[in-house]
Number of protein chains: 2
Amino acid sequence: MSARVRVAELEDFCRNALARAGACDCHAAIAAEALATTDSWGVFTHGSKLLPGYVRRLRGGGIAGDVEPRVEAEGPAWAILDGGSALGQVVGVRAMDEAIARARRSGIAFVGARRSNHFGAAGYYAARAARAGLVGIAMANDTPSVAAPGSRGPVTGTNPLAYAIPAGAGDPILLDIAMSTVAGGKVYAAHQLGRPIPDDWIVDRQGRPTTDASLYPHHAALAPMAGHKGYGLALLIESLAALATGAAMTTRVGGWMFGDPAAPTEHGAACLALDVAAMAGGAEAFAGRVQTLIDEVHAAPTADGVDRLLLPGEREWANRRRALADGITLPADVVAALAPLADELDWKTDWLPRKP
Amino acid sequence: MSARVRVAELEDFCRNALARAGACDCHAAIAAEALATTDSWGVFTHGSKLLPGYVRRLRGGGIAGDVEPRVEAEGPAWAILDGGSALGQVVGVRAMDEAIARARRSGIAFVGARRSNHFGAAGYYAARAARAGLVGIAMANDTPSVAAPGSRGPVTGTNPLAYAIPAGAGDPILLDIAMSTVAGGKVYAAHQLGRPIPDDWIVDRQGRPTTDASLYPHHAALAPMAGHKGYGLALLIESLAALATGAAMTTRVGGWMFGDPAAPTEHGAACLALDVAAMAGGAEAFAGRVQTLIDEVHAAPTADGVDRLLLPGEREWANRRRALADGITLPADVVAALAPLADELDWKTDWLPRKP
């Protein structure tokens, strides 16, 4: 059953659940804001649904609740962070904030992190840079779940990549994608509904395309986005998030959801920030160019049944405005994930089903 | 009819053709090396086949044969070049070399260019950074030929993106991709052979998928790679190559092949270089990590009929080694493109068909 909740209350709930599990107040607040923001975008696969997994690892010790990420190597326009196995959101925010500060001085900056954790939606960090007036790019590696062209099993992680482009007073252009054709969650959902899937979503244990969603994840891997193109981009992300940072690579990254909750996952992450306003001769000049592009996309002729072309992120920002005004309707799978935590917290709520 | 030629002779031919058309010796040499290298990779769509188009624009004045690109704005880790409408290869090389030099000081650098031209294979510039020990990323915008999800016509250019990762003494990992499902050249080729094409290559004037290759380009647009993902990445490339640099954006970019040869195309380009060796604590440390990744990919189990997984670029570097040892077999379409230039140059050759 779905449930309607105010964004602030959802964030409060997440903060309390994380703090109760051992995160210090500051870390709990950072991760809670990230999760609630992601839900407000309507990206429910990467919002508060992740909370039980994070709580489990905080309790198990695989996520450190009170270790601050710190700069362990740096230069004028870059830094490598030791994430200290803190919540991935804490590492991601710290990495992007470092990148933003350095890019303001140097024009561009790269900040990578080792000893991170699953950091949720990459777009959250990219959007943070755009809100500060910079182009933000965020990426992370993950344990392999995606095949390469010709492979018999997974070779790379979904290795998310997100970017955000500041658009003056308007919403940033915002894209957040995995290097697989679709997210694993979509394959699960099709299986739960008993639906066949298109033949470019997963490949079976022999490396052949299949439409049988039940095979995933134990007997199938996700297919790479656009074949060799997604595979190739996943290796770029692996190179920047893990090879440059010293994070675990590919199979050495721990599975955050099902793996031993006492063992750090050793994810890698990387953030870039670019001070495009400085490059373009001022924030107004850049914003004007972005607006020209946005207007052009909106004015483009559309296929039958399509009202208007959307910019990447346009739907998410509209979702967020509605969520802030009217609350979020959490889908049933998210509600089911959160309900046991509400019982443990003895959370007074009318939006989550509670044990009698 | 195909033709066999030594790499050095092909490069010499390109240099002479460009110089005869008005490029100064230095520009002709830079572009010739780029075109011959691209052919040696086996990427014949972006090698010397482009020569007649460049010669036409040099003669027409749309490409300036003797204007040096110059830095017109800069900061510690970035620069914006005025490309001066020089050959795109000259602008691209200058941009990447500036990025390499600045990244050696700052750790990372961004160099964008306005008033560039069609620059051929983006991978050439990325590989240049990798040969210098840095990660290189190169991109450019182009006049729209690719649909967006739901559009009735082209919205973005193919907007190529390439990266290269240095691998110690080994060949760099190298990927060079367009943001369309396939390059327009593949659609032309299918049409010439009278073959139907898969339904995710192009969309017709109503924005519907079609398998009729004859519609492209006048009555169809290329489909974006992986739908909204390719569309979104194309807009990132547009933002960095054009919005940040002040280059022409989307429809304002001139068509380099069929457009008025006297009018500059005003392409934008952008290069990033990252000193990953510094970040990783030394070139050896980084090379070791890359080798681990390469070994892991090579050891991955493969589907039936697949000997070994390839790293991006592995096939191209093998082609180049063969080309340097045994020469390049230029396909018939390239030979046909070059033959008229050989007549004009009165080029003494046994590898191009000459008028009697």
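1. The side chain of Thr265(A) makes a polar contact with the side chain of His267(A) at 2.7 Å. A second polar contact, of 3.0 Å, joins the side chains of Thr265(A) and Asn117(A). A polar contact is a pair of N or O atoms within 3.5 Å; within protein, one atom must be able to donate a hydrogen and the other to accept it, and residues adjacent in sequence count only if both atoms are side-chain atoms. Thr265(A) lies in the loop between α7 and β13 (267–274) of chain A. Helices (H or I, at least four residues) and strands (E, at least two) are DSSP runs, numbered from the N terminus.

2. The model is predicted: local features need pLDDT of at least 70, side-chain atom pairs count only at pLDDT 80 or more, and totals for chains, interfaces and linings use all residues. Residues are numbered from 1 along each chain as its sequence is written, chains are lettered from A and ligands numbered from 1 in the order in which they are written, and side-chain values use heavy atoms, with hydrogens and water left out.

3. Is Thr265(A) buried or exposed? Thr265(A) is buried, because its relative accessible area is 0%. Buried means under 20% relative accessible area, exposed over 50%, and partly exposed in between (1.4 Å probe, protein chains only). Not counting residues up to four places away in sequence, Thr265(A) touches several residues, including Arg57(A), Ser116(A), His118(A), Arg252(A) and Trp256(A). Contact here means heavy atoms within 4.5 Å.

4. Arg252(A) also takes part in the contact between the chains: Glu296(B) forms a salt bridge with Arg252(A), the closest N and O atoms being 3.1 Å apart. A salt bridge is a side-chain nitrogen of Lys or Arg within 4 Å of a carboxyl oxygen of Asp or Glu. Between chain A and chain B the count is 4 salt bridges. There are also 26 residue pairs in polar contact between chain A and chain B, both residues being at pLDDT 80 or more. Helix α7 (residues 228–243) of chain A supplies the largest share of the side of chain A that touches chain B, namely 12 residues. That side of chain A divides into 47 nonpolar, 18 polar and 8 charged residues. In this division Ala, Val, Leu, Ile, Met, Phe, Trp, Tyr, Cys and Pro count as nonpolar, Asp, Glu, Lys and Arg as charged, and the others, Gly among them, as polar.

5. The contact takes 73 residues from chain A and 73 residues from chain B. Together the two chains bury about 5,400 Å², 72% of it on carbon and sulfur atoms. Within chain A, Lys229(A), Leu243(A) and Met279(A) lose the most area to chain B, together 12% of what that side buries. Buried area is the accessible area (1.4 Å probe) that two parts lose on being put together, summed over both.

6. In helix α6 (residues 184–192) of chain A, the residues Gly184(A), Val187(A) and Ala190(A) are buried. Seen down the axis of α6(A), the buried residues fall within an arc of 120°, so they line one face of the helix. The arc is that of the directions from the helix axis to the C-beta atoms. The cover over these residues includes β10 (202–204) and β12 (220–222) of chain A. Just after α6(A), Gly194(A) takes a positive phi of about 70°.

7. Over all chains, the whole structure holds 39 salt bridges. One of chain A joins the side chains of Arg208(A) and Asp204(A) (3.3 Å, N to O). Arg208(A) is partly exposed, at a relative accessible area of 47%, whereas Asp204(A) is buried, at 11%.

8. In chain B, the side chains of Arg114(B) and Asp82(B) meet in a salt bridge (3.8 Å, N to O). This pair links distant parts of the chain: Arg114(B) is in strand β4 (residues 108–116) and Asp82(B) in strand β3 (residues 78–82), 32 residues apart. Arg70(B), Glu72(B), Asp82(B), Arg114(B) and Arg115(B) are linked in a network of salt bridges. Arg115(B) has a phi near 50°, a positive value in a residue other than glycine.

9. Most residues other than glycine have a negative phi, and most peptide bonds are trans. The peptide bond from Tyr216(A) to Pro217(A) is cis, with omega near 5°. The peptide bond from Tyr216(B) to Pro217(B) is also cis, with omega near 5°.
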